[in-house]
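Student: Hi! Could you walk me through a helix pair in this one?
Tutor: Happy to; let's look together.

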Amino acid sequence: MDNTSTSWSGSYDYIVFTVSFKCIPHFLPITKHQHGFMSRRSTITNLLESVNDWTLALNDKHGVVIAYIDYAKASDTVCHAKLLRKLASYGMSGDLLEWICVFLHDQSHCTRVNNAYSEYVNIHSGVIQGSVIGPLLFLIYVNDVTEIFGNDCICKLYADEIKLYSIIHSKGDYGEMQTRLSELQCWSDQWQLTISYKKCSVLLLNNVKGGHQANLVLGDKEVSQPDCVKDLGVLTDQHLKFEEHINHTVTRANRVANLIHKCFISKDPTTLMKAYTTYVRPIMEYASCIWSPHTVGLTKTIESVQRQFMKRLPCCCNVTYSERLAKLQLDSLELR
């Protein structure tokens, strides 16, 4: 474990601030395209909306160009003066705005290495990570980024991760995406957010051989165009098949399942199954509504993880899979 830690100090009224914070969402119009830190929204809702649009485009024999944009240390580089200006533009004023101003400015930090401490240094930028209001302040700071894109380019947000995509009818449509990327670069420079170019990528979706290719540039750097991109934890390929994601998920799940059998001294079936449902099954069920297999082969591949894990239990080695499920009162992964 790393022996380096950071401590914070600040002076503001926690109780009054917490009560006042409850009224913020009532008048702040957070964009509907933001799925991070929002009630009833998550990575799954972000993926569902995106994949639905992509599927409709592919069914209509069109292509889709998707740009994935990530920022470097985004929450640590938020400019306090510009954040307060945005809050004021949304109608926030009076004591509430003053409390947030104190919260942002009256902070300092030091670094501890073992028993040695550095000097305290004032924090001049960023929202405090781990605080209640920090995520909301960051959402407000990036909230207007969706306004720079027109109807021809759809923007989906998850905290500091931005996903842009456009439907491609002809090769000339790639120029529209390049224009949007240039506008995003200008917006990022204006609000002092540094794009992590190494983490940015472009994915071209098409269901025909020899599809169009695009050379898109962000800033002065060409954006990489891999055949497969991890989109909020789901590996997405050029044909939206998700076979690579399923194979990767099964490999990860089998690795953890084997560790459970190897590391647990107790061979009690109840104990092992609790470990399985806690550590293994969530790996296979994350975003399953997005990549759920529709072929018999992939369905069996997913089911094999649970099948093999249960077969190694002392009470289930000589019975069929259906009998194991009944004995342990579990459902198959396909049914779940």
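Tutor: Leu272, Met273, Tyr276, Val280, Arg281 and Met284 of H8 touch Ile302, Val305, Gln306, Phe309 and Met310 of H10; contact means heavy atoms within 4.5 Å. By class, this contact has 9 nonpolar, 1 polar and 1 charged residues.

Student: What should I know about where this comes from?
Tutor: It is a predicted model, where local features need pLDDT of at least 70 and side-chain atom pairs count only at pLDDT 80 or more, while totals for chains, interfaces and linings use all residues. Residues are numbered from 1 along each chain as its sequence is written, and side-chain values use heavy atoms, leaving out hydrogens and water.

Student: At what angle do H8 and H10 pack?
Tutor: About 165 degrees, with the axes 12 Å apart. H8 and H10 are therefore roughly antiparallel (angles over 145 degrees count as that).

Student: New topic: which residues of H11 are buried?
Tutor: In H11 (residues 321-328), Tyr321, Arg324 and Leu325 are buried, meaning under 20% relative accessible area with a 1.4 Å probe, protein chains only. They lie on the same side of H11, because they cover an arc of only 100 degrees around the axis.

Student: And what covers them?
Tutor: The cover over the buried residues of H11 includes helix H10 (296-311).

Student: Which exposed residues are on the face turned away?
Tutor: Ser322, Ala326 and Lys327; exposed means over 50% relative accessible area.

Student: What happens just after H11?
Tutor: Gln329 takes a positive phi of about 55 degrees there.

Note on methods. Helix = DSSP H or I, 4+ residues; strand = E, 2+ residues; numbered from the N terminus. Arc of directions from axis to C-beta. Axes fitted to C-alpha atoms, helices over the stretch in contact; angles between N-to-C directions. Parallel < 35°, antiparallel > 145°, perpendicular 65-115°, else oblique. Nonpolar A, V, L, I, M, F, W, Y, C, P; charged D, E, K, R; others polar.
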